[in-house]
Amino acid sequence: MSKTKTVDLVERSLEKDKKDFITMCKVFQAACIVFAVCAAALVAIVLVPLILMGADMLATVVFIINALPLLLGFVTACNFGWKIFGTLKNGESPFRYDIADKVKGAAFALLGSGFIGIIIQPVSYTVSEHFSDIGHYFSFASFGCCVMGAGLGVAAYIMNYGCKLQQESDETL
């Protein structure tokens, strides 16, 4: 009589899900780098022609002052995302306080840069008349940063609550 091996379907499914999760974390980690580089390239694509075409120096400075906070906030949030997915890629539980803190950091970076962008824009309109042509793009980007930051803030709050529940569950076992 031959013995047949029985395979636990739950274990096989869990192993497949874990491999898929690690793959997705790698993809999202790479996407964070790509997004940060694309944001910097977008600012450079607009800035270089301004300088080469001999645009008014005041208009160029106003563009830089408006673009810099948004760019720094977005790149900082992407850096937090890269770290989060790097931690998750190693098979760690997503309900950890350090991950919740990184999500909160990304939220603050986006909210801060969005609010700074909203505050800077009215001044930019009064300083440079050329800014009015592209100012609505910065308004849209600033508002988008605030919305994304608020969404990440809610996610950080939920993850922090999940961490507390995970800790409580671990202590009861």
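In which helix does Phe28 lie? In this predicted model, Phe28 belongs to helix 1, which covers residues 9–52.

**Figure 1. Overall fold of the predicted chain.** The secondary structure consists of four helices and zero strands, and the order of elements from the N terminus is α-α-α-α. The chain has 173 residues, of which 29% count as buried. Among contacts with a separation of 6 or more, 77% are made by residues 24 or more positions apart.

Figure 2. Met24, Val27 and Phe28 together form a nonpolar patch on the surface. The accessible area of these three residues comes to about 260 Å². Phe28, a residue of helix 1, has a relative accessibility of 40% and therefore counts as partly exposed.

Figure 3. Gln29 is found in helix 1 and is buried, its relative accessible area being 9%. When neighbours within four places in sequence are left aside, Gln29 is in contact with Trp82, Phe85, Gly86 and Lys89.

**Figure 4. The aromatic pair Phe63–Phe138.** A search of the whole structure finds two aromatic pairs. One of them, formed by Phe63 and Phe138, is edge-to-face, with 5.5 Å between the ring centres and 70 degrees between the planes. Phe63 lies in helix 2 and Phe138 in helix 4 (residues 135–172), so the pair ties together parts that are 75 residues apart in sequence. Both Phe63 and Phe138 are buried.

**Figure 5. Leu68 and Ser113.** Leu68 is found in helix 2, which comprises residues 57–89. With a relative accessible area of 45%, Leu68 is partly exposed. The C-alpha atom of Leu68 is separated by 9.0 Å from that of Ser113, although the two residues are 45 positions apart along the chain.

**Figure 6. Cysteines without disulfides.** Zero disulfides are found in a search of the whole structure. For Cys78, the closest cysteine sulfur is that of Cys32, at 5.5 Å, which is too far for a bond. Cys78 is buried, at 8% relative accessibility. For Cys145, the closest cysteine sulfur belongs to Cys146 and lies 7.0 Å away, again too far for a bond. Cys145 is likewise buried, at 7% relative accessibility.

**Figure 7. The salt bridge between Lys16 and Asp20.** The whole structure contains two salt bridges. In one of them, the side chains of Lys16 and Asp20 meet with an N to O distance of 2.9 Å. Lys16 and Asp20 are separated by about one helical turn, because they are four residues apart in helix 1. Lys16 is exposed, with a relative accessible area of 51%, whereas Asp20 is partly exposed, with a value of 37%.

**Figure 8. The salt bridge between Arg96 and Asp98.** Arg96 and Asp98 form a salt bridge in which the closest N and O atoms are 3.0 Å apart. Arg96 is partly exposed, with a relative accessible area of 26%. Asp98 is also partly exposed, its relative accessible area being 28%.

Methods: Residues numbered from 1 in each chain as written. Predicted model: local features only at pLDDT ≥ 70, side-chain atom pairs only at ≥ 80, totals over all residues. Heavy atoms only, no water. Patch = residues over 30% accessible without salt bridge, like charges linked within 9 Å, V, L, I, M, F, W, Y side chains within 5 Å. Areas by Shrake-Rupley, 256 points an atom, 1.4 Å probe, with all protein chains shown as cover. Salt bridge = Lys/Arg side-chain N within 4 Å of Asp/Glu carboxyl O. Helix = DSSP H or I, 4+ residues; strand = E, 2+ residues; numbered from the N terminus. Buried < 20%, exposed > 50% of the residue type's maximum accessible area, 1.4 Å probe, protein only. Disulfide = S-S within 2.5 Å. Contact = heavy atoms within 4.5 Å. Phe/Tyr/Trp six-rings, centres within 6.5 Å; stacked < 30°, edge-to-face > 60°.
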